[in-house]
Amino acid sequence: MKFGYTIVYVASVAETLAFYQQAFGFDTRFLHESGEYGELETGGTALAFASHGMGDQLLGGRYVKAAPAADPLGVELAFVSDDVVAAHARAVAAGATSVVVPAMQPWGQTVAYVRDMNGVLVELCSPIGA
């Protein structure tokens, strides 16, 4: 077995893909013609988005939808950057909500948190040991 995808259910796949390009610099790999599913160019593991409509169809709507006004879900997307301060500033300028400003952690990693347009928690971090 190998890890293939992380799929996040969102209100608008196309808008989310555009946001992730502007906020984090990821290009769109694929957007299905239906607009119900899309993927980003993120490296070895695909980060994908599917519509809540697809979530309703596949899961019978039995999942907790992320929402900007609600507390973040107990899961995060983590993006590694050599310049967490600049990555945080770029994300906020693109409309992400700052949760925790960049700070050096006791283990030597710089970490910040933002929430995307859907309320999904995103960690921005330096490489461990860098």
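Q: How many aromatic pairs does the count come to in this structure?
A: This is a predicted model, in which local features need pLDDT of at least 70 and side-chain atom pairs count only at pLDDT 80 or more, while totals for chains, interfaces and linings use all residues. Residues are numbered from 1 along each chain as its sequence is written, and side-chain values use heavy atoms, with hydrogens and water left out. Rings of Phe, Tyr and Trp (its six-membered ring) pair if their centres lie within 6.5 Å, and planes under 30 degrees apart count as stacked, over 60 as edge-to-face and the rest as tilted. By this rule, the number of aromatic pairs is nine.

Q: What kind of pair do the rings of Phe19 and Tyr20 form?
A: A pair of aromatic rings is described by the distance of the centres and the angle of the planes. For Phe19 and Tyr20 the centres are 5.7 Å apart and the planes stand at 70°, so the pair is edge-to-face.

Q: What kind of pair do Tyr20 and Phe24 form?
A: The ring centres of Tyr20 and Phe24 lie 5.1 Å apart with the planes at 55°, so this pair counts as tilted. These two residues are four apart in helix α1 (residues 13-24), and are therefore separated by about one helical turn; helices (H or I, at least four residues) and strands (E, at least two) are DSSP runs, numbered from the N terminus. With the centres 5.1 Å apart and the planes at 55°, the class is tilted.

Q: Is Tyr20 buried or exposed?
A: Buried means under 20% relative accessible area, exposed over 50%, and partly exposed in between (1.4 Å probe, protein chains only). Because its relative accessible area is 0%, Tyr20 is buried.

Q: Where do the buried residues of α1 fall when seen down its axis?
A: The buried residues of α1 are Val13, Thr16, Leu17, Phe19, Tyr20, Ala23 and Phe24. Seen down the helix axis, they fall within an arc of 160° (taken from the directions from the axis to the C-beta atoms), so they line one face. On the other side of α1, Glu15 and Gln22 are exposed, whereas the buried residues lie within an arc of 160°.

Q: Is Glu39 buried or exposed?
A: Arg29, the salt-bridge partner of Glu39, is partly exposed because its relative accessible area is 34%. Glu39 has 9% relative accessibility, and therefore counts as buried.

Conventions. A salt bridge is a side-chain nitrogen of Lys or Arg within 4 Å of a carboxyl oxygen of Asp or Glu.
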